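Please go through the briefing below with the sequence and the model side by side.

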Amino acid sequence: MSDAHYPHLLPVAQALADAPAELRVRRVRADRWMGYARAEAALSALEDLLTFPKRLRMPNLLLVGPSNNGKTMIVEKFRREHLPGDPHAGNGAIAIPVLKVQMPPAPDERRFFSAVLEALGAPDRSNDRLAAKQDMAMRMLRATDVRMLVIDEVHNILSGSRDQQRRFLNLLRWLGNELQIPLVAVGTAEALRAIQSDDQLANRFTPFNLPPWRMGPEYLRLLNTLEAMLPLRERSGLEEPAMAQKLLTSSEGILGEIVALVTSAAVAALANGRERVDIDMLDDIDFKPPTDRRRAAG
Ligand SMILES: Nc1ncnc2c1ncn2[C@@H]1O[C@H](COP(=O)(O)OP(=O)(O)OP(=O)(O)O)[C@@H](O)[C@H]1O
Ligand SMILES: [Mg+2]
């Protein structure tokens, strides 16, 4: 049996294409990393930060874009490329190059340090007061030689009072100075607004935008990559004009929506014994554009 039957597929998908439909459905539904130019540029910006020499004033990055547009996927991919390694020289602790935490639902310093400790794998002593938690977190961040702190969902800062917000932004500034490591904040345009409300932080965080997708060669390349990863035996031609335009309109240019739409159509195809996605299927899968769903929800 030769893989050459499926020239429209990447090798991983070629190897799966002859598998039974049920198995392929499971693979289609699983998360997979898809490279695209803007994501690769973000990854290399992160790489630059990670190798930046320690100095008093470290540069920071703010990965900003609409919800569901691939921000977390990028920082997760980066973290996976820099997994904890050998015990750190001297103290026996495992080195953790990239630590990723989620901003708690509100800018609460105590919960923030709990999140840091949890990410470090430290036992949770939830009754500790802020000072104790902060001390422990700072000690462990140093012991594990964390070289980059990624804070996802940073727009949650805005759900606090003005005073809480200000205190939290001060804390971020202090953290960067104290540890002399780059901070990477991830969030929506609201996050940008929060950070820019503090002049001193504003000029330390370089925004890196992940805008919604628009029609153009990059977008068509993305569709091509997506198609090449789905183990369907026939070519669907997602990047052909009518299909590409339909996907763009239905998804409103949001990457997560594009992926969801195409994978649902691929699953529907397989369930019906078909080997390609066509434009009518996109109509049949009862997909509501993101704006409609928001309207219905709220
Ligand atoms: N590089 C990628 N490769 C494959 N799929 C992706 C990629 N980026 C995003 N996706 C798809 O889009 C979905 C949303 O991505 P992600 O969770 O990273 O969005 P986000 O920008 O962090 O959203 P939010 O602001 O709501 O947290 C993913 O679950 C995945 O299906
Ligand atoms: Mg996210």
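The centres of domain 1 and domain 2, taken over C-alpha atoms, are separated by 34 Å. Domain 1 covers 3–30 + 213–297 and domain 2 covers 37–209 of the protein chain, with bounds that come from an automatic or database domain assignment. This is a predicted model, in which local features need pLDDT of at least 70 and side-chain atom pairs count only at pLDDT 80 or more, while totals for chains, interfaces and linings use all residues. Residues are numbered from 1 along each chain as its sequence is written, chains are lettered from A and ligands numbered from 1 in the order in which they are written, and side-chain values use heavy atoms, with hydrogens and water left out.

**Interface between the domains**

- Contact, meaning heavy atoms within 4.5 Å, involves 7 residues of domain 1 and 6 residues of domain 2.
- About 420 Å² is buried between domain 1 and domain 2, 48% of it on carbon and sulfur atoms; buried area is the accessible area (1.4 Å probe) that two parts lose on being put together, summed over both.
- Of the area that domain 1 buries against domain 2, 66% is supplied by Glu218, Ile254 and Leu255, more than by any other three residues.
- Between domain 1 and domain 2 there are 3 residue pairs in polar contact, both residues at pLDDT 80 or more, where a polar contact is a pair of N or O atoms within 3.5 Å and, within protein, one must be able to donate a hydrogen and the other to accept it, residues adjacent in sequence counting only if both atoms are side-chain atoms.

**Surroundings of ligand 1**

- Among the 17 residues around ligand 1, those that come nearest are Met34, Ser67, Asn68, Lys71 and Thr72, a residue being near if one of its heavy atoms lies within 4 Å.
- An N or O atom in the side chain of Ser67 is 2.5 Å from an oxygen atom of ligand 1.
- For Met73, a backbone N or O atom lies 2.8 Å from an oxygen atom of ligand 1.

**Salt bridges**

- The count comes to 16 salt bridges, each defined as a side-chain nitrogen of Lys or Arg within 4 Å of a carboxyl oxygen of Asp or Glu.
- Glu109 and Arg167 form a salt bridge whose closest N and O atoms are 3.3 Å apart.
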